[in-house]
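Dear colleague,

I am passing on a structure for you to look through, and my notes on it follow below. Please keep the model open while you read, so that you can find each place as it comes up.

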Amino acid sequence: WTRTAVAALLRGRGIRLRKSLGQNYLVDPNFLEALARDTGAGPGDVVVEIGSGLGNLTERLAARAGQVWAFELDEPIHALSKELLAGVPNVTLVQGDGAGFASRIGGAGRIRIASNLPYGDWQRIVLAILAAPQEIVSCTLMIQEDVFERLRAKPGTRAYGPLAAIVQATCELKKV
């Protein structure tokens with residue numbers, strides 16, 4: 001995919017991206033492959049993708065993982081991704097809020113999470129991931145630089161807050 005091709009596809013289907021959902025589609029194949037690789041997913045893993053969009057990353061995750069659960073909130077985008085990913089047998093597409101993944105996938109085993117988190121809703125999604133009863137092996141999250149800096153802020157600094165404390169107490173943060 002290219003930005004031009006994605007824009008033409010959406011325009012041709014009468015689909016407009018909604019700023020309120022933070023929709024921003026990744027198209028660079030090298031970047032998408034790097035994200036999929038950095039999940040560390042293998043044939044025994046289940047990957048949850050929050051905000052699957054058109055399936056650009058979903059396809060690459062499916063090539064690595066045993067099962068991919070791809071959540072997309074936007075109904076027209078979900079319908080289009082069902083069409084685009086119809087031939088990928090180990091992908092389960094769910095039209096709904098990815099923050100609710102834990103109640104939808106049950107006891108799926110080792111779970112890895114991948115997402116290009118929307119800027120306006122990243123905190124709620126991170127909290128949902130942290131609260132999930134399933135074993136989360138890893139999270140590969142694309143976030144803004146300032147969000148990463150807040151999450152890794154040290155105690156006593158202005159940026160340090162409750163979410164930084166929770167994330168640092170339960171996770172190992174690294175910038176990829």
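A residue is called exposed when its relative accessible area is over 50%, buried when that area is under 20%, and partly exposed in between. Please bear in mind throughout that this is a predicted model.

With those cut-offs, K175 counts as exposed because its relative accessible area is 53%, whereas E145, at 42%, is partly exposed. The side chains of these two residues meet in a salt bridge, with 2.8 Å from N to O, and the pair links distant parts of the chain, since K175 lies in the segment after α8 and E145 in helix α7, 30 residues apart.

This is one of eight salt bridges in the structure. In another, R60 pairs with E33, the closest N and O atoms being 3.9 Å apart; here too distant parts of the chain are linked, with R60 in helix α3 (residues 56–64) and E33 in helix α2 (residues 29–38). R60 is partly exposed at 22% relative accessibility, and E33 is partly exposed at 30%. Together with R64, these two residues form a network of salt bridges. In general, side chains of opposite charge can pair when their charged atoms come close.

Turning to the sheet, you will find five strands in the order β3-β2-β1-β4-β5, open and with parallel pairing. β3 (91–95) and β5 (136–142) stand at the edges with a single partner strand each, so one side of each is left without a neighbour in the sheet. Neighbouring strands are turned by 15° against each other on average, direction ignored. Helix α6 (residues 122–131) packs on this sheet, where it touches β1, β4 (111–116) and β5, and its direction makes about 170° with that of β5. Six bridges join β4 to β5, and the chain crosses from β4 through α6 to β5 in a right-handed β-α-β crossover.

Which residues have the most contacts inside the largest nonpolar core? They are V48 and F101, in a core of 23 residues, to which α6 gives the most, with five residues. Leaving aside neighbours within four places in sequence, F101 is in contact with residues including V48, I50, F71 and I136. Apart from this core lies another, of 16 residues, among them L26, A36, L57 and A62.

With best wishes

How values were computed. Residues are numbered from 1 along each chain as its sequence is written. This is a predicted model: local features need pLDDT of at least 70, side-chain atom pairs count only at pLDDT 80 or more; totals for chains, interfaces and linings use all residues. Side-chain values use heavy atoms; hydrogens and water are left out. Two strands pair if DSSP finds at least two bridges between them. Helices (H or I, at least four residues) and strands (E, at least two) are DSSP runs, numbered from the N terminus. Axes are lines fitted to C-alpha atoms, for helices over the stretch in contact, and angles run from 0 to 180 degrees between N-to-C directions. Contact means heavy atoms within 4.5 Å. A crossover is right-handed if, with the strands pointing away from the viewer, the path from the first strand over the helix to the second runs clockwise. A nonpolar core is a set of buried Ala, Val, Leu, Ile, Met, Phe, Trp, Tyr and Cys residues joined through side-chain atoms within 4.5 Å. Buried means under 20% relative accessible area, exposed over 50%, partly exposed in between (1.4 Å probe, protein chains only). A salt bridge is a side-chain nitrogen of Lys or Arg within 4 Å of a carboxyl oxygen of Asp or Glu.
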